[in-house]
2 protein chains.
Amino acid sequence: MIQTILLKNRPVGEPKISDFEFKKEDIDLSITDGELLLETEYISVDPYLRGRMSSAKSYVPPFELDKPISSGIVAKVIATKNENYKEGDFVSGLLEWKTKQVSNGENLQKVNKDLAPLSAYLGIIGMTGLTAYLGLNEIGKPKSGETLVVSGAAGAVGSVVGQIGKILGLNVIGIAGSDEKVDMLTSEFGFDHGINYKTTENMKEAIEKAAPNGVDVYFDNVGGPISDAVLFNINQFARIIICGAISVYNKTETPMSVSVQPFLVKNSALMQGFIVSNYAKKFPEAMKQLSTWLKEDKLTYSETIVEGFDNTPQAFLDMMNGKNKGKMIVKA
Amino acid sequence: MIQTILLKNRPVGEPKISDFEFKKEDIDLSITDGELLLETEYISVDPYLRGRMSSAKSYVPPFELDKPISSGIVAKVIATKNENYKEGDFVSGLLEWKTKQVSNGENLQKVNKDLAPLSAYLGIIGMTGLTAYLGLNEIGKPKSGETLVVSGAAGAVGSVVGQIGKILGLNVIGIAGSDEKVDMLTSEFGFDHGINYKTTENMKEAIEKAAPNGVDVYFDNVGGPISDAVLFNINQFARIIICGAISVYNKTETPMSVSVQPFLVKNSALMQGFIVSNYAKKFPEAMKQLSTWLKEDKLTYSETIVEGFDNTPQAFLDMMNGKNKGKMIVKA
């Protein structure tokens, strides 16, 4: 008997628990040559999943209705007829929201429990760290002494972006949604300044104050009015990495913002959408750098771990509402 | 006695004739060693001048109040104490709106009346052509078989962009504001499709119909609702050149548009402000290519020439309102 979580309805606006279906299934878990039986250990819940729940055309195909949802998962090999894996190995990959599942071993990566905690392979040295590192470097091209603004700064990706910014010698300003998060930015993650957008009346001025020399690189996880306020402060030749637009993902009407075009042309500035999978060739190099920094204690990370496979949809909803600190992960 | 046109007021919203001041001055036109006396022949009026009339920070400093306006000008050398120029030479450069002026010869380029009409040095083989060629190639990076959309397509830059697009083997769609202009796009400039945004109810659908495979490169001269409609049709890895935002230059309130961030992230798309002066190193190569195409009759251009130095401000206002076809130039 295994448990599965399916997409029941395409969410309209904010997703609800009732958009998900929990199912107990008595399915065949026997494996044939080349296959593995996996037991789910950790499940990653991420903003981009909201996009896949809609039917709109995007860079990854939408989830199908009445089919299991999938995301980054760390699993344990509990039976194997594949010579590359032995019982007790841990693997990470894009897997389905099931307590157990059969895999042919393709697109899985072995992970080493002794090098880092298993959950880190979904975070700081997994997609989260890669997104931060490659987005910042490949599009942001930061130069020591420049000013970096990060939105969603206390989130999984944002907190790593800011830390890498500090390693690279930047003046780093983080924007987050509570005083507690803003405190974390400066005390735990070493940001130079933190701004609480929920209690700041004039964001444009607050950014100007924290970035008196203007903004050279903006790592944008949120879009919406926060990004509008950053725009007023960009420098000539500014680079804006659009990594996410969480503030508008749940909108049912086409969201409107300050027109970016006049700011971009006035400043010869660049704005580019970033999707980590387009940079797969650079993963080995980036993982090596991230692991080194982690070992040298130059990087720290926070995670919110929710216990219980059944709580995966609620963990996703909470993450969308900013209730997590750092990477949101479910321990199955 | 010379005539000068000064900036009297910083325009609020749409510029008015009363924002300019006409002045007759009895100034010393004698020249000393190294200097030239220039007589203005042709004056270029361009959308970017609107930006310089505001006090806002931009890539070029604002015009000063009660000082002459300057723009691209072709002038005749009528006296010289500079060994690099002789009487009767023609030069082009950023000069003041004066019937006559003294120059030290710096930042002027000699132009050859026999190779092309003098006005072309303000257009197809001047800044206009360079803007089209370098914007399209350096940011747009077009590949044969791709689809290019050009807004402000019947304008000076837009009409050249579309023609270069055809030379490079693209499917080219132009957007303009009258049936007459749209006819020109296909009949004179060889665009594949033209769309009149003033008579088209659903621009999003009209673009989709003209670009069934989606839009790979968008050369944007206008911003505003036209650009919003293009956004809905961009392909993965689309490149958007922001060359101007004429539709919002006269707005007194911060203009709002459809949020671009979700489109950019979904499509890993790029949007970059283009200012031709940042690419000065590539001017010689670009001018060579443009002259070659012009000689081979692969490029054609249109210009609207207004007679009379005194009509320069009105020509600027008319250009801002789309009354020109092709490059708007004043014959002094």
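Reader: How do you know that E14(A) and strand E14 (residues 270-273) of chain B pair?

Author: Count the bridges. Two strands pair if DSSP finds at least two bridges between them. Here 3 bridges join E14(A) to E14(B), and the strands run antiparallel. Strands (E, at least two residues) and helices (H or I, at least four) are DSSP runs, numbered from the N terminus.

Reader: What kind of model is this, and how is it numbered?

Author: It is a predicted model: local features need pLDDT of at least 70, side-chain atom pairs count only at pLDDT 80 or more, and totals for chains, interfaces and linings use all residues. Residues are numbered from 1 along each chain as its sequence is written, while chains are lettered from A and ligands numbered from 1 in the order in which they are written.

Reader: How many residues of chain A and chain B are in contact?

Author: 32 residues of chain A are in contact with 33 residues of chain B. Contact means that C-beta atoms, placed from the backbone, lie within 7 Å. On chain A, H7(A) gives the most to this side, with 6 residues.

Reader: What relates chain A to chain B?

Author: A rotation of 180 degrees, with 0.0 Å of shift along its axis, superposes chain A on chain B (RMSD 0.1 Å). The two copies are therefore related as by a two-fold rotation axis. The same surface serves both: 100% of the contact residues of chain A recur in chain B. The superposition is by least squares on the C-alpha atoms of residues with pLDDT of at least 70 in both copies.

Reader: Why is A:Gly126 called buried?

Author: Buried means that 20 or more other C-beta atoms, placed from the backbone, lie within 10 Å of a residue's own; 12 or fewer means exposed, and in between is partly exposed. A:Gly126 has 23 C-beta neighbours inside 10 Å, so A:Gly126 counts as buried. A:Gly126 sits in the loop between strand E7 (109-111) and helix H2 (127-139) of chain A. Not counting residues up to four places away in sequence, A:Gly126 touches A:Gly72, A:Ser92 and A:Tyr121.

Reader: Which residues have the most contacts inside the largest nonpolar core?

Author: A:Val149 and B:Val149, in a core of 202 residues. Such a core is a set of buried Ala, Val, Leu, Ile, Met, Phe, Trp, Tyr and Cys residues joined through C-beta atoms within 7 Å. Among the residues that A:Val149 touches are A:Ile173, A:Ala211 and A:Tyr218.

How values were computed:
Two residues are in contact if their C-beta atoms, placed from the backbone, lie within 7 Å.
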